[in-house]
Amino acid sequence: MASMDRGLHGPLEPQPDVYIPSPDQGFDFDAVKDLVIWDQFGNRKRFHTLYQETKTIIIFVRHFLCYVCKEYVEDLAKIPKEYLQEAKVRLVVIGCAPHTYIREFRQETRFPHEFYCDPDRDLHKALGLRLDGTHGKASPHVKSSVISGVLQSTWRAVKSMHYQGDMMQQGGQFIVGPGKKLHYAWRDRNSQDHTSVNQLLAEAGVQQINLPNDPRIIQV
């Protein structure tokens with residue numbers, strides 16, 4: 001496994017009112033295996049089928065009207081399918097919106113990989129993903145300023161006229177499989193606390209990609 005500044009070990013963070021796993025705490029396979037996710041056509045799938053036979057990068061994102069979420073997924077979309085196939089790794093994004101919004105969001109982000117939704121957030125809750133709406137800063141994948149990003153999100157919300165996921169829900173990133181193997185775990189502490197794309201690829205043993213807008217990301 002590549003070196004990482006976020007991994008599977010670390011002290012638990014004290015939570016005064018409710019138990020929330022620390023960002024890098026493990027993954028309860030038994031609690032989540034039979035929970036249901038939905039594809040854009042309304043087909044149901046058991047969560048464990050995503051990683052039962054192969055190593056899988058699983059990325060939980062915020063609501064679909066969030067500009068941070070959109071710009072992060074836009075960079076995830078740049079990962080070539082060939083890189084994943086060569087490493088025998090699957091890439092999956094899971095949102096908290098109703099499945100009927102997946103198609104539009106994939107078109108907006110040009111995301112070519114697998115995408116599912118957990119609209120009742122049963123999976124989010126079982127994995128201990130935070131529900132606090134804290135806004136972060138300094139993600140290498142967010143290109144917009146706060147002002148322009150909020151304006152973009154507001155305009156998209158006006159056009160939609162519907163909520164597209166819980167605005168308080170934070171995301172997380174996991175690399176699991178095949179079977180009950182956990183390679184990496186991170187639960188976002190705020191809206192921009194997600195693991196960088198190339199760190200996820202390195203942890204999964206996938207070739208990294210060139211993202212020229214971020215000087216901290218490895219050039220290949």
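Visitor: What do the buried residues of α7 pack against in this predicted model, and how do you know that they are in touch?

Guide: The buried residues of α7 pack against β3, α2, β4, β6 and β7, where a contact requires heavy atoms within 4.5 Å.

Visitor: What makes α7 an element that is largely enclosed by the rest of the structure?

Guide: A residue counts as buried when its relative accessible area is under 20%, and 7 of the 8 residues of α7 are buried, so the helix is largely enclosed by the rest of the structure. The buried residues are V197, N198, Q199, L200, L201, E203 and A204. Just after α7 comes G205, which takes a positive phi of about 75 degrees.

Visitor: Why is α2 called mostly covered?

Guide: By the cut-off of under 20% relative accessible area, 9 of the 10 residues of α2 are buried, and α2 is therefore mostly covered. These are Y67, V68, C69, K70, E71, Y72, V73, D75 and L76.

Visitor: What makes a set of residues the largest nonpolar core here, and which residues have the most contacts inside it?

Guide: Such a core is a set of buried residues of the nonpolar kinds, Ala, Val, Leu, Ile, Met, Phe, Trp, Tyr and Cys, joined through side-chain atoms within 4.5 Å. The largest nonpolar core has 34 residues, and those with the most contacts inside it are I57, I59, F64, L76, I79, F111 and V197. Two or more residues each come from β3 (55–60), α2, β4, α4 (102–109), β5, β7 and α7 (197–204), while the largest share, 6 residues, comes from α2. In soluble globular proteins, nonpolar side chains tend to be buried together.

Visitor: Which residues is F111 in contact with, once its neighbours within four places in sequence are left aside?

Guide: With those neighbours left aside, F111 is in contact with V73, L76, A77, L91, V93 and R106. A second, separate core has 18 residues, I37, L50, Y116 and F174 among them.

Visitor: How do you know whether R121 is buried or exposed?

Guide: The relative accessible area of R121 is 14%, which falls under the 20% cut-off, so R121 is buried. Its phi is near 60 degrees, again positive in a residue other than glycine, and R121 lies in the loop between β5 (114–117) and α5 (122–126).

Visitor: What makes D120 exposed or buried?

Guide: D120 has a relative accessible area of 55%, and because the cut-off for exposed is over 50%, D120 is exposed. D120 is found in the loop between β5 and α5, and its C-alpha atom is separated by 7.2 Å from that of C96, with the two residues 24 residues apart along the chain.

Visitor: What joins G177 and P178?

Guide: The two residues are joined by a cis peptide bond, with omega about -5 degrees. P178 is found in the loop between β6 (172–176) and β7 (182–187).

Visitor: How many helices and strands does the protein have, and in which order do the elements run?

Guide: There are 7 helices and 7 strands, and from the N terminus on the elements run α-β-β-β-α-α-β-α-β-α-α-β-β-α. Buried residues make up 50% of the 220 residues. Among contacts with a separation of 6 or more, residues 24 or more positions apart account for 72%.

Definitions and conventions:
Residues are numbered from 1 along each chain as its sequence is written. This is a predicted model: local features need pLDDT of at least 70, side-chain atom pairs count only at pLDDT 80 or more; totals for chains, interfaces and linings use all residues. Side-chain values use heavy atoms; hydrogens and water are left out. Helices (H or I, at least four residues) and strands (E, at least two) are DSSP runs, numbered from the N terminus. Buried means under 20% relative accessible area, exposed over 50%, partly exposed in between (1.4 Å probe, protein chains only).
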